[in-house]
Structure formats: C-alpha cells, structure tokens
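User: Hi! Could you walk me through this structure? I'm new to this, so please go slowly.
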Amino acid sequence: MTDTAEQPTTAREISHVIVRFAGDSGDGMQLTGDRFTNASALFGNDLATLPDFPAEIRAPAGTLAGVSAFQVQISDHDITTPGDAPSVLIAMNPAALKSDLHRLEAGGTIIVNEDTFEDRNLAKAGYGESPLDDGSLDGYTLLKVPMTSLTKEVCNDLGVKARDADRSKNFFALGLVSWMYSRPLETTLDWIQEKFAGKDLVIAANEAALKAGHAFGETAELGEMRFVIKPAKLEPGTYTNINGNTALSWGLVAASQQANLPLFLGSYPITPASDILHELSKHKNFGIRTLQAEDEIAAVGAALGASYGGHIGVTTTSGPGVALKGETIGLAVSLELPLVIIDIQRGGPSTGLPTKTEASDLMMAMYGRHGESPLPIVAAYSPTNCFDVAIEAVRIAITYRTPVILLSDGYLANGSEPWRLPSVDSLPDIRVDLATETNHVGADGEPEFWPYLRDDNLARPWAVPGTPDLMHRVGGIEKQDGTGNISYDPDNHQLMTDIREARIAKIADTIPDVEVLGDVDAELCIVGWGSTWGAITSAVERMRAAGQKVAQIHLTHLNPFPKNLGDELRRFDRVLVPEMNTGQLTRLLRAEFLVDAQAIAKVMGQPFTAGELVTRIQEATND
Amino acid sequence: MTDVPVTTKKDWTSDQEVRWCPGCGDYSILTAIQLMMPDLGVRRENTVFISGIGCAARFPYYMNTYGMHSIHGRSPAIATGLAMARPELDVWVIGGDGDMLSIGGNHLIHALRRNVNLNILLFNNMIYGLTKGQFSPTSETGKVTKSTPFGSVDRPFNPVSVALGAEATFVARTHDMDRAHMQAMFKRAHAHQGASIVEVFQNCNVFNDGAFASITKKDNRDAMLIDLQHGEPIRFGVDNERGVILDDDGLARVVDVADVGVEALVVHDETADDPALSFALSRLASGPDQPTPVGVFRAVERPEYAQSTSQQLAAAQESNGPGDLHALLHSLPTWEVT
C-alpha cells in the first residue's frame with residue numbers, strides 16, 4: 001500500500017464514486033482525469049475510465065462542440081464499468097456544464113470554475129442567464145470556486161505570467177478533487193516533475209495550483225464533502241493501470257517474444273488506433289520494426305511483405321482503414337500467410353464519429369472481402385484483455401498461416417483499469433516451425449518443395465526467402481493444391497475454396513469452449529462480444545442481486561465460434577445480444593445456429609451503462 | 001559464408017511455361033535477366049521477385065527464385081516490408097506502366113523517396129495489355145483505344161521525370177531491343193544501395209505494336225537514342241554529329257555539334273547532388289518519336305531505408321539492452337496488493 005495521505009477524521013467512508021471532469025478541449029481535462037485515475041490506482045482502488053472527447057483538436061473555445069470530458073469510477077471493490085451517472089461533475093466552463101449536466105445523478109455535486117461564468121462564455125454556451133444564479137441548479141449541491149483567479153494568485157508570486165498561469169487551473173481542480181477523495185498528492189507531484197522536466201516555471205505553476213486546490217478544500221470548510229474510498233480487495237499481485245491500446249501494444253511485444261519471431265508493424269495514423277503505432281515505435285530494443293506508411297494499403301502491404309519474410313506482420317487501423325486494406329487481406333487469405341489486422345472500431349459509416357466508440361465492423365471483418373475469403377476474428381472485452389487477445393491473434397495467425405482480424409474499439413483503446421501483471425513465465429508458448437526442407441519427391445525422383453502441402457492443421461509450410469532449396473512462387477491467382485502452381489481447373493478451385501474454409505473452421509479445435517456464467521439454469525441468456533462485457537457483467541450482477549435468474553456468455557472468438565456455442569445457446573428460451581451496432585452478432589448467431597437471438601442495439605458513440613442495459617433487458621423480456 | 005555456387009541461365013529458370021503473347025517484348029527482358037543473374041554473384045534463395053498485376057507482373061513465375069505475384073499496384077509496398085524485414089535479400093520489383101504509375105503510383109513514389117533497397121523494373125509499353133488495350137498513364141495524348149474512341153485527352157507521365165521528382169537515387173532507362181544495354185542497366189540497379197528504378201521501353205506487339213520502333217529499331221537507334229555516359233559530353237547520331245546543350249533557362253536542347261562546338265555540349269553527371277540536369281535530360285523527349293536519352297540519369301548515394309531502420313534497432317539495443325518483457329510490463333507505476 002502506498003497510502004501516505006493524512007486521513008482527517010472528517011472524511012466519510014464510501015464504497016465508490018463516479019467523477020466526471022468536463023471542460024474546454026484546451027483545458028487539459030483528459031490529463032486531469034488521467035492523473036486522478038493514476039493516483040487512485042496507486043492508492044489501491046479498483047477503477048474504470050471513459051475518456052470522451054471531440055474529434056477537433058481545438059474546437060472554438062467555450063463552445064459546446066469543444067467540450068472534452070473524462071469519467072472515472074473508483075471503488076473499494078471489483079468493478080467493470082466507468083459507472084452510469086456521475087455523482088460529481090467538475091465543469092470548467094458554462095459549455096461543460098450545459099453539455100454534461102444531464103448525465104449527473106439527481107442531487108449530485110457540481111463544482112464549477114466560477115471565473116468562466118461571465119457573459120461571453122455564457123453566451124457561447126447558449127445560456128441567457130447564468131445557471132449559477134437562476135435557481136436551475138437548486139436540486140444539486142453546487143460549489144462555486146474561482147479556480148482561474150485563485151490559480152493566478154498563487155502563480156503570481158512565482159513570476160509566472162497570467163496567461164501561463166491560466167493553463168495550470170486544471171491542476172487546481174485536480175488538487176481540489178484529490179482533497180475531496182483523500183487522494184495523496186505525491187503521485188501527481190512526482191509526475192509533474194518528470195513530465196515537465198527542464199521547464200521549472202511550468203513545474204512551479206502546476207505544483208502551486210495543485211496544492212492551492214488541495215488547500216482550498218481544507219480551508220473552505222468543505223468538511224462534509226470529504227470522503228475516503230478504501231483500497232479494493234483485489235487478487236494479490238502487482239498491479240498497473242493501463243489502457244487498451246497500451247495493453248494491446250504490449251501484447252504484440254509479448255507475442256513476438258513468445259513466438260520467438262520479430263514483429264513488424266505497418267501502420268497509417270488514424271484515430272483511435274495511432275497510439276499503438278506510437279507505443280510500438282518506442283520498443284526498438286525488442287527488435288520491432290515500425291513503418292509509418294504512405295497509406296492504409298501500403299501499411300498492410302508492407303506487413304504482409306514482412307510476414308512473407310518470416311516476421312509477424314501486423315497492421316493497426318480503424319474501420320475506414322480496414323475498408324482500404326480489404327484487397328490485401330484477400331491476398332493474404334490466398335497466399336495463406338500470417339497477418340494480424342487490428343481494428344480499433346469507431347463510429348461509422350465513412351469518417352463517422354472518429355473519437356467515439358462503436359462496434360459495427362464485425363460484418364466487415366467477417367465478409368468485407370470479395371470471393372470466399374474466410375478468416376478468423378477475435379475481440380477484446382476489456383482494456384487489460386487487449387493484452388491476451390493480441391497474443392491469441394498472433395498465435396492463430398502464425399499457427400494457421402492466415403490473416404486474423406482483432407477487434408477492439410475506442411472505448412477499450414482509451415479506457416483504463418488496473419491490471420494484475422502476469423508473470424512472463426505464465427504466457428503461452430506460441431512458437432511455430434518455419435520450413436527448412438523439401439517436402440516432396442518429384443516424378444524424376446528429385447526432392448521438391450511444394451508450398452501448398454499441408455500439415456494436420458491444414459496450414460501450408462511457412463518457407464521464407466533465404467531458405468535454400470525451397471524457392472517457390474506464390475500469388476493471388478488460384479493455385480493448384482499441393483504444388484501451388486497457377487491453376488484454372490474448376491475442380492481444383494472448388495477444392496481450394498473448401499480447404500480454405502475448413503482450415504479456418506479447424507481453428508475451433510484449439511479455442512476454449514464458452515463458459516456460461518451466472519445462472520446456468522436461467523431462461524434468459526445475455527450474449528455479448530467486445531467492450532460491452534463490463535456493462536453486461538454489471539447489469540447481470542444487478543439483476544441477479546434483485547432475484548432474477550440470468551445467464552451470461554461473452555465471446556472472444558467470433559470466427560470460428562467456440563464448438564459448444566450452438567448447444568449452449570439452444571438451452572435458453574431467450575437470447576439477448578447487447579451490441580454497439582444494429583445487431584451484427586445477432587445476425588451471425590441466428591444464421592449459424594437458428595436461434596431466435598434478439599439484439600439490444602445502441603449506436604450513440606457512447607458505451608452502454610449497466611443501468612441502461614438492465615432497463616433495456618427488462619423491456620425486451622416484458623415484450 | 002560459403003562461396004556462391006556457379007550457376008547458369010537454366011538454374012534461374014523455373015519449370016513454368018511462359019504465357020506471354022508470342023513476340024512480346026517481355027520475353028527479351030526475361031531472357032536478359034535469366035542470362036544476367038549468374039553474373040551477379042548472388043544466391044537464388046536470397047533473391048526475390050515481387051510483382052503486382054498486369055502482363056509484366058507474371059514475371060516472378062518464370063524465375064527459379066522466391067517470388068510473389070501480388071495485387072495491382074501494391075508491389076512496392078509489399079517489397080518495402082520484405083526489404084525492411086530482411087535487408088540481406090535482393091528484392092526485385094516488376095511491373096508495367098499501369099501497375100506502377102496508375103494504380104500503384106503512390107507506392108512507387110514513396111518507395112523511391114524512402115530509398116528502400118529495391119530494384120524496380122518498370123516495363124513501359126504505353127498501353128494496358130492484360131485488360132486488352134485501354135490507354136495507360138504513359139499513352140500519348142490523342143491515343144485512340146477501346147476506352148478512348150475519340151482519342152485520349154489525358155496528358156501522360158514521363159516515368160523518368162516522375163522518379164526524379166520523387167527523390168529517386170538511381171534512375172535509368174533502357175529498351176527491350178538491346179540485351180547488353182538492359183543487362184548493363186540492371187546490373188547497375190542491382191549494385192546501387194537504395195531504391196533503383198529502370199524504365200524499360202517494352203513493345204506490346206498486340207495492342208501497341210511498334211510504339212518505340214522509331215527510336216529503338218536497329219536502323220533508328222544511332223539517330224534517335226542518346227546514350228548517356230557519365231562524365232562525357234552528351235552526343236549521339238550516326239556520326240556523333242548531334243549533341244545536347246543546356247539553354248540559359250536550364251532547359252536541355254538537341255543541337256548540331258557543328259553549330260555550337262564540342263565545348264558547348266553538356267557533360268553528363270549522374271552523381272550530381274541536385275537532380276536538375278537529370279530532370280532536364282528527362283524532358284528532352286516528350287514521346288518516343290524524338291531523340292530520347294537512355295542510360296543512367298541519376299545515381300547518388302543516400303542512406304538506405306532498411307539499413308537506417310536496422311541501425312535504430314541496434315542503437316536501441318546498445319543503449320537499453322535487449323528487450324526485457326518483465327521490465328516492460330512493470331514500466332508504468334505499479335502497486336502491490338497483498
């Protein structure tokens with residue numbers, strides 16, 4: 001435990017809290033939320049976060065379009081979501097209050113930066129009269145704090161210019177919220193030193209603002225607003241707080257180590273996937289090569305070229321990028337080479353909602369290529385699960401010599417949670433053999449290499465350039481079974497199509513059966529995939545706590561499905577599938593298993609909340 | 001490292017039946033390369049041919065090396081990944097004018113500017129062959145084809161100008177009627193560390209027969225091909241009677257040597273840091289009916305991309321030690337739960 005904070009007797013103990021920081025895009029709300037999250041993590045709480053920001057880097061200041069928010073739930077017990085309605089809203093300007101007030105729970109606490117509630121900003125947010133004075137917030141606990149002027153005041157003595165001091169007001173807010181929830185300041189102070197090393201004035205200003213915010217809570221007689229949330233009783237181990245994209249990047253690094261093959265990333269910057277490119281570019285000492293390509297097509301092409309050369313070729317993107325990569329993925333299907341395509345899904349179609357989450361690329365992953373071109377699909381269900389799923393995607397790709405699509409989404413990518421770090425020894429061994437010898441004897445009695453002779457998994461040999469005696473040609477034109485030579489023979493095309501299908505189906509041999517959680521004898525089963533896991537898990541817990549019988553199945557492998565899935569689904573009278581799309585998994589389940597699965601669909605750029613799901617499930621079951 | 005085995009053309013020839021139209025210029029290019037490979041002192045298993053789509057792109061099937069016949073336009077990108085992953089390989093990229101300059105134009109220019117160690121051979125026949133005769137991005141304006149019955153209104157690319165504009169470090173041109181010249185250019189391309197591009201004038205005898213005849217036919221060559229030689233005044237003609245000068249405005253112009261004197265001729269410098277001269281030379285002919293330079297336009301040394309990448313990896317391992325997964329997992333702030 002790193003708890004060094006004083007625990008004043010006035011702090012009341014609570015089990016959890018949901019805090020939402022909201023401000024202008026330039027106000028540093030993501031950073032503030034992130035710092036509060038990390039201090040809470042190091043304090044030992046369980047937590048889950050929801051960064052929620054606009055696509056514009058700097059929308060016009062003070063407008064509703066420019067509001068950037070960060071929601072975090074911290075608790076003294078195991079949680080799976082960033083919570084339904086925040087109990088505290090920190091609004092750095094009128095626009096933030098206007099855009100996020102509706103999320104706040106009834107009677108919740110609002111902390112505003114009072115200085116920004118002047119005519120110009122009120123008008124930009126569309127307020128005729130200040131909501132601080134017109135009685136509209138009477139149902140809430142309102143705390144008006146002149147954060148800007150208090151920050152400028154403490155910075156003034158340091159010789160910091162007023163304009164620069166204004167930039168530190170988010171640290172004032174962080175200091176105040178840290179006081180309210182008895183968070184130690186040390187973690188943040190250390191971080192400020194490290195982050196702004198060499199910029200002494202910035203360090204001084206941020207530290208002063210942070211401490212001033214903390215002192216404000218202490219001196220303004222806010223005693224009844226001080227709380228403590230004890231560390232969560234988590235499984236023993238070493239923990240770190242990590243978001244999905246970082247966990248996914250580390251999963252790829254781990255996969256490379258566990259496969260004993262170098263990793264190659266071809267990528268083109270795209271929200272919300274770019275952070276994987278950034279992270280992997282840092283780890284060159286792991287032998288990882290990264291290429292920021294000229295476009296999405298080149299990115300996947302280079303990854304495939306690297307795979308052909310014996311590396312683990314990976315490309316990272318979001319939906320629009322997958323659309324562009326489709327033809328090359330089809331080539332990889334035909335060449336039967338390993339390739340990992342990572343799709344951090346976002347709202348679509350077209351540019352859609354680049355910074356908002358959605359999970360509507362499942363059908364594209366499944367069918368988004370011409371011809372019969374099946375490939376395996378896996379999906380991560382939580383930020384930390386991205387690590388394991390990355391290793392699984394690589395395992396399937398190199399074992400079965402196939403492109404694999406890994407689906408994550410914006411919510412998992414940017415959301416963070418504590419992760420009990422696995423020991424390196426516990427990670428799976430996913431090594432495979434590269435071809436080194438000829439595998440056939442020709443009619444003339446001479447040894448030959450046939451690139452499309454298959455092993456027990458129906459996988460063809462991975463014979464990389466540089467290997468003597470195995471020179472061969474591959475291509476996108478249909479190949480003769482065995483020899484790999486061009487073939488337009490009708491029977492051969494049928495055979496090769498069937499083999500490609502069978503090879504992907506065979507992957508089910510090495511994936512675990514689905515586990516039915518909750519009440520296995522329930523009539524109702526909630527089936528999910530991807531990031532809905534947190535909300536579904538929480539919703540199912542609430543329903544069961546209220547005495548209802550509910551079962552839960554969550555899928556990591558979406559193609560092929562686990563072998564027992566059909567039998568398990570058929571045991572239930574009612575199968576409901578919450579999805580952040582219009583019912584894509586639902587349609588696959590209905591088509592595959594002839595079960596009457598019904599979708600609970602949502603495409604609003606926001607994840608489900610547990611409360612919302614409970615309501616939607618009740619509505620669906622009352623039909 | 002054992003010595004590279006002595007090989008012959010037969011060793012570099014695959015068992016696949018060549019399926020180009022009889023009389024296609026691709027045959028002579030294939031033969032030139034199969035005959036040349038034993039001279040390069042390289043191993044077959046370390047040699048890879050990567051192509052896109054089109055008639056030229058069938059090339060890898062006929063070489064007894066590693067090979068990939070990929071998809072339309074993407075071969076420079078795929079080859080970039082392979083060359084980065086495996087810098088020790090010889091990677092050749094084969095494509096036509098449609099593959100390289102139309103659908104794959106973006107990948108070509110970026111492979112060139114990055115200076116990836118690829119030997120890119122652009123078979124330019126100024127027509128779409130495999131789709132049976134539409135105009136290509138190098139077809140002349142006014143070209144009447146199936147898709148331009150009233151004549152093409154497109155302006156063509158000059159592949160050498162495009163390559164020079166894309167910061168290429170090695171640019172050459174040759175043609176399918178002169179095996180020795182082709183081999184000389186291909187050997188230079190192979191020897192160059194970085195991206196090399198060789199434009200090969202290639203006759204499509206079915207859809208664009210004789211497109212280059214007025215300059216590459218044996219009887220016409222002396223008068224119409226300007227054989228660039230590094231360090232030499234640029235001269236050509238049956239009796240070397242013609243030459244090239246640079247105008248005051250920097251444009252290259254063909255002159256009679258007798259009119260200007262030998263001293264006035266521009267001396268070719270393929271190693272010039274600035275590509276201006278090479279570019280001016282590339283603009284001498286706007287079509288294969290005018291005196292046209294062949295040979296090496298530009299050959300300069302720049303850091304090679306895969307080597308630069310490998311150096312960064314080596315430097316990271318030098319300063320941080322080899323990757324330690326346990327340390328990576330513990331690199332963010334951690335806490336213990338007991």
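Analyst: Happy to! Let's start with a definition: helices (H or I, at least four residues) and strands (E, at least two) are DSSP runs, numbered from the N terminus. This is a predicted model, in which local features need pLDDT of at least 70, side-chain atom pairs count only at pLDDT 80 or more, and totals for chains, interfaces and linings use all residues. Residues are numbered from 1 along each chain as its sequence is written, chains are lettered from A and ligands numbered from 1 in the order in which they are written, and side-chain values use heavy atoms, with hydrogens and water left out.

User: Is A:Leu594 buried or exposed?
Analyst: With a relative accessibility of 78%, A:Leu594 counts as exposed. Here, buried means under 20% relative accessible area, exposed over 50%, and partly exposed in between (1.4 Å probe, protein chains only).

User: And which residues of α19(A) are buried?
Analyst: In helix α19 (residues 584-593) of chain A, the buried ones are A:Gln584, A:Leu585, A:Thr586, A:Leu588, A:Leu589 and A:Phe593.

User: What about A:Ser182, what is its phi?
Analyst: A:Ser182 is not a glycine, yet its phi is positive, about 55 degrees. You'll find A:Ser182 in the loop between α6 and α7 (186-195) of chain A. A:Ser182 is buried, as its relative accessible area is 0%.

User: New topic: how do α4(A) and α6(A) cross?
Analyst: The axes of helix α4 (residues 147-156) and helix α6 (residues 169-180), both of chain A, come within 9 Å and cross at roughly 105 degrees. That makes α4(A) and α6(A) roughly perpendicular to each other. The axes are lines fitted to C-alpha atoms, for helices over the stretch in contact, and angles run from 0 to 180 degrees between N-to-C directions. Angles under 35 degrees count as roughly parallel, over 145 as roughly antiparallel, 65 to 115 as roughly perpendicular and the rest as oblique.

User: Which residues meet there?
Analyst: From α4(A), A:Met147, A:Thr148, A:Leu150 and A:Thr151 meet A:Lys169, A:Phe172 and A:Ala173 from α6(A). The residues of this contact divide into 4 nonpolar, 2 polar and 1 charged. In this scheme Ala, Val, Leu, Ile, Met, Phe, Trp, Tyr, Cys and Pro count as nonpolar, Asp, Glu, Lys and Arg as charged, and the others, Gly among them, as polar. Contact means heavy atoms within 4.5 Å.

User: Can we zoom out? Which domains does chain A have?
Analyst: The domain assignment of chain A gives domain 1 (12-228), domain 2 (240-426), domain 3 (433-510) and domain 4 (517-622). Such bounds come from an automatic or database domain assignment.

User: How far apart are domain 1 and domain 2 of chain A?
Analyst: Their C-alpha centres lie 34 Å apart. The contact takes 16 residues from domain 1 of chain A and 10 residues from domain 2 of chain A. About 980 Å² is buried between domain 1 and domain 2 of chain A, with carbon and sulfur atoms giving 54% of that area. Buried area is the accessible area (1.4 Å probe) that two parts lose on being put together, summed over both.

User: And how many residues are in contact between chain B and chain A?
Analyst: 59 residues of chain B are in contact with 71 residues of chain A. The two chains bury about 5,500 Å² between them, 64% of it on carbon and sulfur atoms. On the chain B side, B:Tyr66, B:Leu329 and B:Trp335 lose the most area to chain A, together 16% of what that side buries.

User: Staying with chain B, how many residues of helix α2 are buried?
Analyst: 11 of the 11 residues of helix α2 (residues 75-85) of chain B are buried, so this helix is largely enclosed by the rest of the structure. Among them are B:Pro76, B:Ile78 and B:Met84.

User: Last one: where is the peptide bond that is cis? I'd like to look at A:Pro272.
Analyst: The bond from A:Thr271 to A:Pro272 is cis, with omega near 0 degrees. A:Pro272 is in the loop between β10 (263-267) and α10 (274-282) of chain A. The peptide bond from A:Gly348 to A:Pro349 is cis too, with omega near 0 degrees.
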